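Open the model in your viewer and keep the selection tool ready. Each stop below says what to select and what is there.

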Amino acid sequence: MINSQLCGILGIKYPLFQGGMAHISDAKLAAAVSEAGGLGIISAASGNIDYISGQIDAAKALTDKPFGVNIMLMGANVEEIAELVAEKKVPVVTTGAGNPSKYMEKWKTAGIKVVPVIPSSSLAKMVERAGADAVIAEGGESGGHVGDMTTMALVPQVCDAVSIPVIAAGGIYDGRSVAAAFMLGACGVQLGTRFLTAFECNISRAYKDRILKAKDTSTIVTGKRLGHPVRSLKSPFSREYFKAEYSDISDEDLEQMAIGSLRAAVVDGDEKKGCFLAGQISGMVNREQSSKEIIEEIFAETETILKGAGRWLK
Ligand code: TUI
């Protein structure tokens, strides 16, 4: 059995979060992960307030286990979503792409456990002071919006900077990466990319096939020019966008190019216009499995590795 303080704090069996992926992480995936003993997370960046509200109700109907909602702080309707999760007393809120301190009092009063994603130890300290229950230290190996630090360098520095639990994200795939995250001082992990090919993950066939075919060097970071770097699979869209960033096209036109590209990938499976967000571990994702199989396999491997760790000592 895995022994992590995170399980006691959140009431989960395995110290694993499924990342809140915009347009992807819905009630069905979140409930499957929570039912399997991890923490399933619904992305609040997937639709309007009524849609998010419906997804929270759907998750409550599908599982009586804890689940979370991820709020992308750069996204639309953040105030409204912040209110909604408090009203609905969602068990856990994770945040991304900003500092959630101003919502902390509202969420804590509602009994919500708040776990911000942070890309640096300074922001980790800030959210700890504001009352965060744990932090997710996400390295730039992850898919989607990325910071500069790698998971390997970020996690131990965040662990030294704060005394709340640290969850490692970015580049986590199997028992090897979970054991490594524990050794860096983390007491849990968050995975996004590996769940893209879960049976319960409702994305286009083209998206799943691209992930299944990817290799280690298949991702690219675009968006640096506008200050929002994003990791995705190399594709006609990402190559064209990357070229445009280094051309004399205006910032407005560049921004225009990306509009609708996430939906085009997730919903339409549009090979030309789609932006297929994915992390650097895509090269290892070569099977479709249930969320339960994924989680049980990861922690069986983690146990085997940790039990064998004595081989490094004479
Ligand atoms: O948020 C993510 N990953 C995402 S969000 C997303 S949706 C999107 N759509 C179109 C373009 C761009 C994104 C796709 N992937 N991960 C969590 C994360 N948060 N990574 C980095 C951060 C972060 C960055 C800065 C957290 C806090 C932060 O604070 C800056 C400050 O001081 O306010």
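Start with Asn77, which is partly exposed, with a relative accessible area of 38%. Buried means under 20% relative accessible area, exposed over 50%, and partly exposed in between, with a 1.4 Å probe and protein chains only. This is a predicted model: local features need pLDDT of at least 70, side-chain atom pairs count only at pLDDT 80 or more, and totals for chains, interfaces and linings use all residues. Residues are numbered from 1 along each chain as its sequence is written, and side-chain values use heavy atoms, with hydrogens and water left out.

Stay on Asn77. Asn77 sits in the loop between strand 3 and helix 4. Helices (H or I, at least four residues) and strands (E, at least two) are DSSP runs, numbered from the N terminus. The phi of Asn77 is positive, near 55 degrees, and the residue is not a glycine. Most residues other than glycine have a negative phi.

**Helix 4**

Now select residues 78–87, which form helix 4. Which of its residues are buried? They are Val78, Ile81, Ala82, Leu84, Val85 and Ala86. These buried residues pack against helix 3 (49–62), strand 3 (67–72), strand 4 (92–96) and helix 5 (104–109). Step just past helix 4 to Lys89, where phi is positive, about 45 degrees.

**The cores**

Next, colour the largest nonpolar core, which has 76 residues. A nonpolar core is a set of buried Ala, Val, Leu, Ile, Met, Phe, Trp, Tyr and Cys residues joined through side-chain atoms within 4.5 Å. Those with the most contacts inside the core are Leu16, Ile71, Val85, Trp107, Val158, Phe195 and Tyr207. Helix 4 gives the largest share of this core, six residues. Another core, of 15 residues, lies apart from it; Cys7, Leu39, Ile41 and Ile167 are among its members.

Zoom in on Phe195. Leaving aside neighbours within four places in sequence, Phe195 is in contact (heavy atoms within 4.5 Å) with residues including Leu16, Met21, Cys201 and Ile295.

**The ligand**

Show the N and O atoms here. A ligand nitrogen is 2.9 Å from a polar backbone atom of Ala97. A polar side-chain atom of Glu138 is 3.0 Å from a ligand nitrogen. For His145, a backbone N or O atom is 2.9 Å from a ligand nitrogen. Taken alone the ligand exposes 710 Å², and the protein buries 70% of that.

Go back to Ala97, in the loop between strand 4 and helix 5. Ala97 has a positive phi of about 60 degrees although it is not a glycine. Its relative accessibility is 26%, so Ala97 counts as partly exposed.

**Two buried loop residues**

Jump to Gln289, in the loop between helix 12 (261–268) and helix 13 (291–307). Gln289 is buried, with a relative accessible area of 7%. Its side chain makes a polar contact of 2.9 Å with the side chain of Arg194. Another polar contact of 2.9 Å joins the side chains of Gln289 and Glu297.

Finish at Ser235, in the loop between strand 11 (230–233) and helix 10 (236–245). Is Ser235 buried or exposed? At 2% relative accessibility, Ser235 counts as buried. Beyond its neighbours within four places in sequence, Ser235 is in contact with Arg210, Gly274 and Phe276.

Definitions and conventions. Polar contact = N/O pair within 3.5 Å; in protein donor to acceptor, adjacent residues only side chain to side chain. Areas by Shrake-Rupley, 256 points an atom, 1.4 Å probe, with all protein chains shown as cover.
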